[in-house]
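Hi,

Here is the structure I promised to pass on to you.

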Amino acid sequence: MADWNLPEERPASFDEHGWRIKIHPAEVKGAWHKKREWTQIVLLIVFLVLPWIRIGGEQALLLDVSRRQFEIFGLSLRAHNAPLLIFVLAIAGFGLFFVTAIWGRVWCGWACPQTVFVEAVYRRIERWVEGTAGERRSLQAAPWSVKKFLKKSIKWLAFLAVSLVITHSFLAYFVGTDVLAEMVRRAPAENWTSFLFIVISTGIILFDFGWFREQFCMIACPYGRFQSVLMDDQSMIVGYDEKRGEPRRGQVKPGDKQGDCVNCFRCVQVCPTGIDIRRGVQMECIACTACVDACDDVMTKMKRPTGLIRYSTLQELQATPDQQSKFKPGLHFAPRTIAYLAVITAAAIALTYFVSTQKDVDIQVLRGKGVPYQEITFEGQKAYLNQFFVEATNTSNEERRITVAIEDAPQGIAMMTSQTEFILRPGKTERIGFFIRFAQDTSKKDMEIELRFTDAKDPSLKIEKEIHLVGPLSRH
Ligand code: SF4
Ligand code: SF4
C-alpha cells in the first residue's frame with residue numbers, strides 16, 4: 001500500500017537521493033475529464049489533419065524556415081517580409097500572456113501538446129497494456145519475467161509506432177506535405193539528413209511522451225517556469241478551499257469541527273505531477289482538473305457539496321465564505337492585462353496594414369555604383385550611358401513574367417540590356433542590370449524618364465518607376 005503522505009522537502013517524483021520516482025496517476029472520471037477528453041480528441045484531429053488542408057493552393061499552416069516560406073491560414077510570408085513574422089509572434093506570445101493572466105495555466109492543462117499526447121495517447125496505451133494504476137505500480141515493482149517483458153515490449157512498440165506518426169505529422173508543418181511525401185518514398189540512403197532528423201525527432205518524442213512526461217513540465221518547459229510571474233491573485237487556478245476542507249479528517253483537535261476533507265488522498269492519487277493540491281498553489285500544478293473530478297466524486301458520495309477543489313482564484317480562496325462569490329474567476333482588467341491587449345491590438349493593426357498594402361510584385365530601381373555616366377560613341381555620335389539595376393520580388397504565389405520598357409521613350413534614349421523580360425518565381429527576388437543610352441543633345445533636356453514594368457498575363461500589374469539620367473550637362 002503506497003504512502004500518500006508526500007514528502008515536504010522534495011517533489012513526490014524524486015526520491016531522497018534525487019532519483020526519479022515514476023508516477024502512476026489513477027484513472028479519474030467526471031465532468032471535467034469528459035470535457036478534456038473531447039477537447040483532446042478535437043486537438044489531435046486538428047494536429048494530424050491541418051498540414052493536409054490547403055488555402056488558396058497553399059498549405060494552411062507551413063513554417064518552412066529553410067526555404068523561408070511561411071503560410072499562416074491564408075497569410076503568405078516570404079523571406080523579404082519575414083520581419084512581419086515579428087507581428088505574428090507578438091500576437092501569439094502576448095496572446096498567451098493575456099490568456100495566462102486571466103485563465104492561468106489553461107494552456108498547460110487543456111491544449112499543450114505535451115499534455116494532450118501524454119494523456120490522450122500514451123497513458124491510454126499504457127492502461128490498455130499494463131492495466132490500472134495499481135497494476136502498473138505492481139508490474140514496475142515486480143522482478144523481470146516473461147509476462148513483464150512482453151507487456152513492456154508491446155507498450156514500447158506501440159509508443160514507437162505512435163511517435164513515428166507524430167514525428168511525420170510534426171515535420172509536415174516545417175517542410176510541407178509534398179516534401180514529406182517525397183522523403184517517405186525515398187530510401188534512407190538517398191536522404192540521410194531527413195532520415196536522421198526523423199530518427200532523432202522520434203527518439204525525443206518517445207523519450208519525452210513515453211518516459212520523461214511530468215518531468216518536462218517541472219524541469220524543462222520555459223513557459224512552466226515563468227507562468228507564475230504572469231499570474232496574479234485574480235488569475236484562475238485549480239485550488240483547494242482550505243477554509244471549507246480543514247481541519248481534515250484525522251487532524252481535528254478536540255473541540256474543533258471537522259472540515260469537509262475526509263483525507264482520502266484521492267486528489268493526490270490522480271495527480272499526473274504527483275502533488276497534493278491541499279498544500280496550496282504549486283508550480284508543478286498544470287491545472288489539469290483531475291483532482292477536481294476526483295474530489296467532486298468523493299464529495300458526492302459523502303453527500304456534501306462539490307467544489308472543495310475547484311477552478312477558483314487566490315482572492316476567492318482567501319476570502320471569507322460570504323465574500324467568496326465576489327472573486328470568482330473571470331475577465332479582470334489589471335494594468336498588465338490591458339498592456340498585453342494593447343500590444344496584441346497594435347501588432348494586429350500593423351500586420352493588417354502591411355499585408356493589405358503589400359503589392360504582388362515589389363520593384364526597386366537602383367543606380368549602379370562607380371562613375372555616374374560613361375561617354376561612348378554611338379553611330380558616329382557622342383552618347384552617354386547610365387547603369388541601373390532592377391531588384392524585383394514576387395510576393396504572390398504565382399509565377400510572374402515581367403517586361404520592362406521606357407515609358408513613351410523620348411527620341412535618342414534607349415535601354416541597353418540582354419533581357420527586357422524576366423521570370424519571377426513565387427517568393428523569389430531577381431536582380432537584373434541594364435544601361436540607358438542617351439545622345440549628347442538629349443542630355444541637355446530634362447533628364448527624368450519613366451520605366452514601366454508589366455506582366456502580359458496580368459493586365460492589372462503595371463508599375464512605374466522614375467529614374468534620373470546623369471550626363472555632363474545634367475542638372476541632377
Ligand atoms: S479528494 Fe477531496 S476529500 Fe479526498 S483528500 Fe482530496 S481534498 Fe480531501
Ligand atoms: S493538482 Fe490537480 S489540477 Fe494540478 S496537476 Fe495535480 S491533478 Fe492536475
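Around ligand 2 there are 14 residues, and the nearest of them are Cys271, Ile277, Cys285, Cys288 and Cys291. A residue counts as near a molecule if its C-beta atom, placed from the backbone, lies within 6 Å of it. By class, this shell has 12 nonpolar, two polar and no charged residues. For those classes, Ala, Val, Leu, Ile, Met, Phe, Trp, Tyr, Cys and Pro are nonpolar, Asp, Glu, Lys and Arg are charged, and the others, Gly among them, are polar.

Before you go further: this is a predicted model, where local features need pLDDT of at least 70 and side-chain atom pairs count only at pLDDT 80 or more, while totals for chains, interfaces and linings use all residues. Residues are numbered from 1 along each chain as its sequence is written, and chains are lettered from A and ligands numbered from 1 in the order in which they are written.

Now for ligand 1. It has 15 residues around it, with Cys261, Cys264, Arg266, Cys267 and Cys295 the closest. This shell splits into 11 nonpolar, two polar and two charged residues. Helix 13 provides the largest share, three residues. (Helices, H or I with at least four residues, and strands, E with at least two, are DSSP runs numbered from the N terminus.)

Some of these names come back in the largest nonpolar core. What is such a core? It is a set of buried Ala, Val, Leu, Ile, Met, Phe, Trp, Tyr and Cys residues joined through C-beta atoms within 7 Å. Buried means that 20 or more other C-beta atoms lie within 10 Å of a residue's own; with 12 or fewer it is exposed, and in between it is partly exposed, with C-beta atoms placed from the backbone. The largest core has 43 residues, and Val238, Cys267, Ile277, Cys291, Ala294, Cys295 and Ile309 touch the most other members. Helix 13 gives the most to this core, with six residues. Leaving out residues up to four places away in sequence, Ala294 touches Val28, Arg266, Cys267 and Val270; contact here means C-beta atoms, placed from the backbone, within 7 Å. There is also a second, separate core of seven residues, including Phe438 and Leu469.

Three of them form an open antiparallel sheet in the order 3-4-5. Strand 3 (61-64) and strand 5 (75-77) are at the edges with a single partner strand each, so one side of each has no neighbour in the sheet. Strands pair if DSSP finds at least two bridges between them; strand 4 (residues 69-72) and strand 5 have three. Leu62 sits in strand 3. Is Leu62 buried or partly exposed? It is partly exposed, because 19 other C-beta atoms lie within 10 Å.

Elsewhere, strand 9 (residues 374-378) and strand 10 (residues 381-394) pair antiparallel over five bridges. They make a hairpin with two residues between them, and Glu379 in the turn has a positive phi of about 50 degrees.

The peptide bond from Glu246 to Pro247 is cis, with omega near -10 degrees. Lys303 has a positive phi, near 60 degrees, and is exposed, because 6 other C-beta atoms lie within 10 Å.

Cheers

Definitions and conventions. Two residues are in contact if their C-beta atoms, placed from the backbone, lie within 7 Å.
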